[in-house]
Amino acid sequence: MPSNNSARQSDPYHTLKIDTFACAWCGLTVSATAGDGVRRNHCPSCLHSRHVTDHVEGGPSDCHGRMAPIAIAVLRTGDWMLIHRCVRCDELTSNPICADDNQLVLMRMAVRPLAQPPFPLEAFGAL
């Protein structure tokens with residue numbers, strides 16, 4: 001007669017499954033669920049992701065390229081969205097940030113346009 005312990009191990013309802021993925025950029029093994037329970041699609045450390053969803057056509061993407069974080073968008077609600085560009089096909093996507101995302105990387109992206117403007121800031125002195 002099998003013990004209760006071995007019966008539990010073969011029972012699919014008592015098996016703990018943690019959905020993870022490997023980061024396409026830094027290789028970190030990441031939980032697909034953020035600390036606040038929200039499903040994540042990007043690495044919390046470097047903010048890169050993998051192009052697995054075709055946002056133009058809908059459904060899965062055949063590209064599977066690396067999605068590089070390029071910008072932060074702030075919605076009218078105050079929520080931040082992470083903008084990614086696929087390095088293979090150039091498709092753009094937006095995804096909400098997660099509570100455990102790297103705050104330093106997020107802030108570096110958010111202030112980059114102010115730190116490196118496309119025109120000289122001296123032009124504002126004449127106004």
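Predicted model: local features only at pLDDT ≥ 70, side-chain atom pairs only at ≥ 80, totals over all residues.
Arg-40 is buried, since its relative accessible area is 5% and the cut-off for buried is under 20%. Asp-100, at 37% relative accessibility, counts as partly exposed.

Asp-101 lies in the loop between S6 and H2, so its pairing with Arg-40 ties together parts 61 residues apart in sequence. Both Asp-101 and Arg-40 are buried. Through shared partners, these salt bridges join Arg-40, Asp-100 and Asp-101 into one network.

Now let's follow Asp-101 to a histidine. The side chain of Asp-101 makes a polar contact of 2.8 Å with the side chain of His-42. His-42 is found in the loop between strand S2 (29-31) and strand S3 (49-50). Is His-42 buried or exposed? With a relative accessible area of 1%, His-42 is buried. Its side chain also has a polar contact of 3.1 Å with the side chain of Asn-41. Beyond its neighbours within four places in sequence, His-42 is in contact with a number of residues, including Phe-21, Val-30, Leu-82, His-84, Pro-96 and Cys-98.

The whole structure holds three salt bridges, and one of them joins Asp-19 and Arg-39, with the closest N and O atoms 2.7 Å apart. This pair links distant parts of the chain: Asp-19 is in the loop between helix H1 (4-10) and strand S1 (20-22), and Arg-39, 20 residues away, is in the loop between S2 and S3. Asp-19 counts as partly exposed at 41% relative accessibility, whereas Arg-39 counts as exposed at 56%.

With those side chains in place, step back to the fold. The protein chain has two helices and six strands, running α-β-β-β-β-β-β-α from the N terminus. Four of the strands make an open sheet in the order S3-S4-S5-S6, with antiparallel pairing. S3 and strand S6 (92-96) stand at the edges with a single partner strand each, so one side of each is left without a neighbour in the sheet. Strand S4 (residues 66-74) and strand S5 (residues 80-86) pair in the antiparallel sense over seven bridges, and Ile-72 stands opposite Leu-82 in S5. H2 packs on the sheet and touches S4 and S5, its direction making about 65° with that of S4.

Helix H2 (residues 103-115) includes Leu-104. This leucine is exposed, with a relative accessible area of 57%. Its C-alpha atom is 9.9 Å from that of Cys-46, a residue 58 positions away along the chain.

Finally, some figures for the chain as a whole. Of the 127 residues, 28% are buried. Among contacts with a separation of 6 or more, 33% come from residues 24 or more positions apart. The accessible surface comes to about 9,100 Å², with 56% of it belonging to carbon and sulfur atoms.

Methods: Residues numbered from 1 in each chain as written. Heavy atoms only, no water. Buried < 20%, exposed > 50% of the residue type's maximum accessible area, 1.4 Å probe, protein only. Contact = heavy atoms within 4.5 Å. Areas by Shrake-Rupley, 256 points an atom, 1.4 Å probe, with all protein chains shown as cover. Polar contact = N/O pair within 3.5 Å; in protein donor to acceptor, adjacent residues only side chain to side chain. Pairing = 2+ DSSP bridges. Axes fitted to C-alpha atoms, helices over the stretch in contact; angles between N-to-C directions. Salt bridge = Lys/Arg side-chain N within 4 Å of Asp/Glu carboxyl O.
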